[in-house]
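Please view the sequence and structure first.

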Amino acid sequence: MTYVPKGSAAEGPYALDIDPKRAGWAYSGLRVVELEPGGTHAFATGESEWIVLPLTGGCTVHAEGEIIELLGRESVFSGVSDFAYLPRDAQIQIASGAGGRFALAGAKCERRLPARYGSAPEVPVESRGSGGCAREVRNFASADAFDCDRLIAVEVITPGGNWSSYPPHKHDEHRPGVEAELEEIYYFEIEGDGGFGYQRVFPSREGGTDVLAEVRTGDAVLVPDGWHGPSVAQPGHAMYYLNVMAGPGQEREWRICFHPDHTEGYQ
């Protein structure tokens, strides 16, 4: 399973439920839960740490005797959201008075860190690339912005007609100081009715991952290995994707290797 069309990985209360077993790897997971006005959702974090990230709407998160209020946002295209970090081995409840859609980004981990609130104004926002490769990166849980045990998660907004995740890059080998081994999930939303985009993943080794997927809101693409990029947004329709990553390295770090045939003028 590499391309995950909307609805194909729905299970129970989740519109999307990708756990390590379903993905065929060891660490990274992603769930999307949709709550009606006044709705609640309870779950156990198990062996994973999780971040509750509002996609639309706001919610209240009950965790470890704490109450974390998330203001959320109107949509992923309207701006950065606040978020809640949840430790492993905890019982959680999410409640939303007005309803909404919420991503649960997770990673199997060893350390049990405290539940915490992540403030939207403190999220580092980066303008990356230029011209037709310009995009906005929201580093809400990047390795150097927010403390987790293994989880790394960021959001990217690609303007309509632009390319992102470019140059193609990979992180499927452990090479100290050069490249970190990370499993990655891309979750997509496209602005406007009927919008779509494209995601490319191609082999970095014989028999490696090879996919070119047309993606729409609610779709996901798994990257267990290989060069990934570009992510291409349809003209007139901005593309959003949530990247969820984790791996076996002793250090939580995002180290990537760019494809040598595509780097001129982009580094």
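The model is predicted: local features need pLDDT of at least 70, side-chain atom pairs count only at pLDDT 80 or more, and totals for chains, interfaces and linings use all residues. Residues are numbered from 1 along each chain as its sequence is written, and side-chain values use heavy atoms, without hydrogens and water.

**Hairpin**
- Strands here are DSSP runs (E, at least two residues), numbered from the N terminus, and two of them pair if DSSP finds at least two bridges between them.
- β5 (residues 48-63) and β6 (residues 66-73) are paired in the antiparallel sense over six bridges.
- Gly 57 lies opposite Arg 73 in β6.
- Two residues separate β5 and β6 in this hairpin, and Glu 64 in the turn has a positive phi of about 55 degrees.

**Cavity**
- A cavity is a set of points on a 1 Å grid over the protein atoms alone where a 1.4 Å probe fits but cannot get out; lining residues have an atom within 4 Å of a point.
- There is one cavity of 30 Å³ or more, and the largest cavity has a volume of about 90 Å³.
- Its lining includes Asp 149, Arg 150, Glu 251, Arg 252 and Glu 253.

**Pocket**
- A pocket is an open set of points with protein on both sides within 12 Å along at least five of seven lines.
- The largest pocket has a volume of about 510 Å³.
- Of its 30 lining residues, Arg 128, Arg 135, Val 137, Trp 254 and Ile 256 are the closest to its centre.

Note on methods
Helix = DSSP H or I, 4+ residues; strand = E, 2+ residues; numbered from the N terminus. Points joined across faces, edges and corners; volume = space filled by probe spheres on them.
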